[in-house]
Amino acid sequence: MSAKTYEVRTYGCQMNVHDSERLSGLLEDAGYVRAPEGSGEGEADIVVFNTCAVRENADNRLYGNLGRLAPIKARRPGMQIAVGGCLAQKDRDTIVKKAPWVDVVFGTHNIGSLPVLLERARVQEEAQVEIAESLEAFPSTLPTRRESAYAAWVSISVGCNNTCTFCIVPALRGKEKDRRPGDILAEVEALVAEGVTEITLLGQNVNAYGSDIGDREAFSKLLRACGTVEGLERVRFTSPHPRDFTDDVIAAMAETENVMPQLHMPLQSGSDAVLKAMRRSYRQERYLGIIEKVRAALPDAAISTDIIVGFPGETEEDFEQTLHVVREARFAQAFTFQYSKRPGTPAAEMAGQVPKAVVQQRYERLVALQEEISWEENKKQVGRTLEVLVAEGEGRKDDATRRLSGRAPDNRLVHFARPEEPVRPGDVVTVDVTYAAPHHLLAEGPVRGVRRTRAGDAWERRNAPQEQKPAGVMLGLPTVGAPPPLPAAPAAGCGCD
């Protein structure tokens, strides 16, 4: 009898991507196999939804997807559906009431329970709802099925101690809990031994790391320690909070060779009045001061941000202040959001909710300004010679254009002409930038050089035909010590940092 197949559908921030790799690892450890690429709706035996609760339509999206699976599940005895993540932590029993065909509901603190809950639901023939109120075990002790052979997430903390009025995440993820530095570095070293050359340190409020263990400089020390790991070529982190962005972190970024010249730091608003209403603990002057210090220490750094438009009470003058910060900061990229009411957050009950038409108009003005700045900043890259880490799946048109794609040290996306010699994801190419668009760079001339790497070797091993793979070798880390996962282009976070 063939093994049961599974599919994990992920919504939301990098934390959820990270958790989904754990869920996949748990299921494979329990004997399930991933559904083949391109499988149709409902073809997997187990469908897991790893949900987000940040956006207003998150509930509608989930229940719409569950509704489409209901008739398929009715025709397929033995098929199971599980719902986890932030929306599951928030809605709990409501999910089973609205969608009684769901078999398992589990929370953000107990993802390790999924295989047991699925089996219990099968044996008892009734839905299992298990929502832990606090973290049972740090997720990095769980098995992992990493999506990338050459890049990995490494979670350094979970939870958040901030009380932003627009954000429900602290209520669902809990207070910040930090991992011990030795455990983090052991995980990094184990990943590098597997062939990983790029890691992204991950936390809901990543640079607050140390508050739980009583060391205000713990994050900068961790960055410097990553610089001593032989074979680790690129270190990134996401997402920091301006409140905790201290000079020792900037110094560590500038002085640690493998920490990349890239920073994603959420702004949310440029208006001091709106920042106060959001319960953000910095003001415009403080934010721009950090940007100035980072640029002084790292002149080539690409800085990106998150911005919310239309927060309750936002006036035209407030919005103009946001545009002012965008012009001053000259972000390489901004992830922009229209304010979305979340039940259970203080902002949802605030007076002065901005009309949708006004929010839309402001949003379009912000996007137009940022597009203009992104393009101008990218044009400054033309003529530069860059080392590009070749990526898998980053260039949707690569086949049609005979190009490959990858990331520059500052995380800009670069499309380059395919060289004559074989190049694998994880390898590094040296290219000259010939053209800039708002969201990518082109290197249309011949590649200057190709450096084959251990990461490329790891990718090649992972993608070798099944009969060539050594028996008994697991991908990802086993349940010892500490494991992690993949980055892609850092996308917008959950908007809560």
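**Exercise 1. The core**

Task: In this predicted model, how many residues has the largest nonpolar core, and which have the most contacts inside it?

Solution: The largest nonpolar core has 91 residues. Those with the most contacts inside it are Ile199, Leu201, Leu223 and Phe245.

Next, take leucine 223. Set aside its neighbours within four places in sequence. Leucine 223 is then in contact with Leu201, Val235, Phe237, Val249, Ala252, Met253, Thr256 and Val259.

For background, nonpolar side chains tend to be buried together in soluble globular proteins.

**Exercise 2. Two helices**

Task: At what angle do helix H12 and helix H13 pack, and how far apart are their axes?

Solution: Start with the ranges. H12 covers residues 316-329, and H13 covers residues 356-379. The angle is about 10°, and the axes are 10 Å apart. Angles under 35 degrees count as roughly parallel, so H12 is roughly parallel to H13.

Now list the contact. H12 supplies Glu316, Phe319, Glu320, Leu323, Val326 and Arg327. H13 supplies Arg362, Arg365, Leu366, Leu369, Gln370 and Ile373. Sorted by class, the contact has 6 nonpolar, 1 polar and 5 charged residues.

**Exercise 3. Alanine 70**

Task: Is alanine 70 buried or exposed?

Solution: First, locate the residue. Alanine 70 is found in helix H2, residues 58-75. Its relative accessible area is 18%. Buried means under 20%, so alanine 70 is buried.

Last, take a distance. Isoleucine 81 and alanine 70 are 11 residues apart along the chain. Their C-alpha atoms are separated by 9.5 Å.

Note on methods:
Residues numbered from 1 in each chain as written. Predicted model: local features only at pLDDT ≥ 70, side-chain atom pairs only at ≥ 80, totals over all residues. Heavy atoms only, no water. Core = buried A, V, L, I, M, F, W, Y, C linked by side-chain atoms within 4.5 Å. Buried < 20%, exposed > 50% of the residue type's maximum accessible area, 1.4 Å probe, protein only. Contact = heavy atoms within 4.5 Å. Axes fitted to C-alpha atoms, helices over the stretch in contact; angles between N-to-C directions. Helix = DSSP H or I, 4+ residues; strand = E, 2+ residues; numbered from the N terminus. Parallel < 35°, antiparallel > 145°, perpendicular 65-115°, else oblique. Nonpolar A, V, L, I, M, F, W, Y, C, P; charged D, E, K, R; others polar.
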